[in-house]
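Reader: Hi! I'm new to this one, could you walk me through it?
Author: Happy to, let's have a look together.

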Amino acid sequence: MRPKLHHHMNLLRQVALAESKPEGFLGAQRLGYIFTALQLGGIAAILIAASVLQFARHEPPCPLCLLQRAGFLLASVGLLLNLRLGLRPGHYALVLLGAVFAAGVALRQISLHALPGADASGGAVFGVHFYTWSLLAAAAIIVVTTAALAFEGQYEDPPPAGRSMKLVVFASFALLTVLAAVNVVSVTLECGISQCPDNPVHYRLLR
Amino acid sequence: MHRAFIRPRVPAAGANTAGEIDLAMMVLIFALLLATIATAWLGRRRLTVSLFLVTLTIAALWLLHHATSLLDLRL
């Protein structure tokens, strides 16, 4: 008898809680998912641009460029977990770890090229080289993720299970899976089963 | 030659030979990333986090190796 009463009390408490907290258009949870989706879109755009430029210019990526891609993919894992299993501080922590790693690799590459007299590497957009854009993008992810962590209300509600949400989850996973697979194939062709060349000019397995 | 990726000098006898690692580490890193995304899709949180940490550790060690071999450091 007692467990049943406890169950009813819990139900009543949940209903009262839901009624006392009307979810506005920009509730904490909705904001969390918007942050997550925007960041995933940004990371996907970075990886797509990198792959398109790689194949269009016939420039196999350097080892540090590959590590930056790995950093962005690592950051995307936390965002994908947010979409798949609900918003959690632990998922945001994975995003931060991945972005900090990408920023570290970008800083390393900038330190090799930024000194006066040193040669720059790769192309530039608006006069800024790709590794510097990479650092800016990683810094943006760190700032946005830190801000997103602050909205405490997002962790209390169960994740939405609507049809549009399922579509967003499926599309995000499909896109990131394809991008990761493209990089696996590309790296295998470029490096083969040995260390990647320091200054790649062709794909080892295609010669 | 690209200034950033000059091969490390051949180490003296008995020196640390970390600069001579000859494994497909980058292929391994990206394959692990693909597996991490696949486990996230399956909803396996713990396995995903474990794979994430393994991948991040390998990638960080690779970066350390790159930095130290270029500077000819003996760590």
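**Helix H2 of chain A and beyond**

Author: The buried residues of H2(A) pack against H3, H4, H5 and H6 of chain A. Buried means under 20% relative accessible area, exposed means over 50%, and partly exposed is in between, using a 1.4 Å probe and protein chains only. Helices (H or I, at least four residues) and strands (E, at least two) are DSSP runs numbered from the N terminus. This is a predicted model, where local features need pLDDT of at least 70, side-chain atom pairs count only at pLDDT 80 or more, and totals for chains, interfaces and linings use all residues. Residues are numbered from 1 along each chain as its sequence is written, chains are lettered from A and ligands numbered from 1 in the order in which they are written, and side-chain values use heavy atoms, with hydrogens and water left out.

Reader: Thanks! Which residues of H2(A) are buried?
Author: Among them are A:Gln29, A:Leu31, A:Gly32, A:Tyr33, A:Thr36 and A:Gln39. Further along H2(A), A:Leu40, A:Ile43, A:Ala44 and A:Leu47 are also buried.

Reader: And what span should H2(A) have?
Author: The 29 residues of H2(A) should span 42 Å at 1.5 Å a residue, and the end C-alpha atoms are 42 Å apart, which agrees. The expected span is 1.5 Å times one less than the number of residues. After H2(A) comes A:His58, with a positive phi near 55°.

Reader: How many helices and strands does chain A have?
Author: Chain A has 6 helices and 2 strands, in the order α-α-α-α-β-β-α-α along the sequence. Of its 207 residues, 41% count as buried.

Reader: How about chain B, how many helices there?
Author: Chain B has 2 helices and 0 strands. It has 75 residues, of which 43% count as buried.

Reader: What about contacts in chain B between residues at least 6 apart in sequence?
Author: Of those, 55% join residues at least 24 apart. In chain A, residues 24 or more positions apart account for 70% of the contacts with a separation of 6 or more. Contact here means heavy atoms within 4.5 Å.

Reader: New topic: how many residues are in the largest nonpolar core?
Author: The largest nonpolar core has 60 residues, and A:Leu67, B:Met26 and B:Phe30 have the most contacts inside it. Two or more residues each come from H2, H3, H4, H5 and H6 of chain A together with H1 and H2 of chain B. H3(A) gives the largest share, 13 residues. By a nonpolar core I mean a set of buried Ala, Val, Leu, Ile, Met, Phe, Trp, Tyr and Cys residues joined through side-chain atoms within 4.5 Å.

Reader: What is B:Met26 in contact with?
Author: Leaving aside neighbours within four places in sequence, B:Met26 is in contact with A:Pro63, A:Leu66, A:Leu67, A:Val187, A:Cys196 and B:Trp62. B:Met26 is one of the buried residues of H1(B).

Reader: How many residues does H1(B) have?
Author: H1(B) has 17 residues and reaches 24 Å from its first C-alpha to its last, close to the 24 Å expected at 1.5 Å a residue. Just after H1(B), B:Gly43 takes a positive phi of about 80°.

Reader: I spotted B:Thr36 in that helix. Is B:Thr36 buried or exposed?
Author: B:Thr36 is buried, with a relative accessible area of 0%. Not counting residues up to four places away in sequence, B:Thr36 touches A:Val77, B:Thr48, B:Leu51, B:Phe52 and B:Thr55.

Reader: How accessible is A:Cys62?
Author: A:Cys62 is buried, at a relative accessible area of 7%, whereas A:Cys65 counts as partly exposed at 26% relative accessibility.

Reader: Last one: which residues lie nearest the centre of the largest pocket?
Author: A:Ala50, A:Leu53, A:Cys65, A:Arg69 and A:Phe130 do, out of 31 lining residues. H2(A) gives the most to that lining, with 7 residues. On a 1 Å grid over the protein atoms alone, a pocket is an open set of points where a 1.4 Å probe fits, with protein on both sides within 12 Å along at least five of seven lines, and lining residues have an atom within 4 Å of a point.
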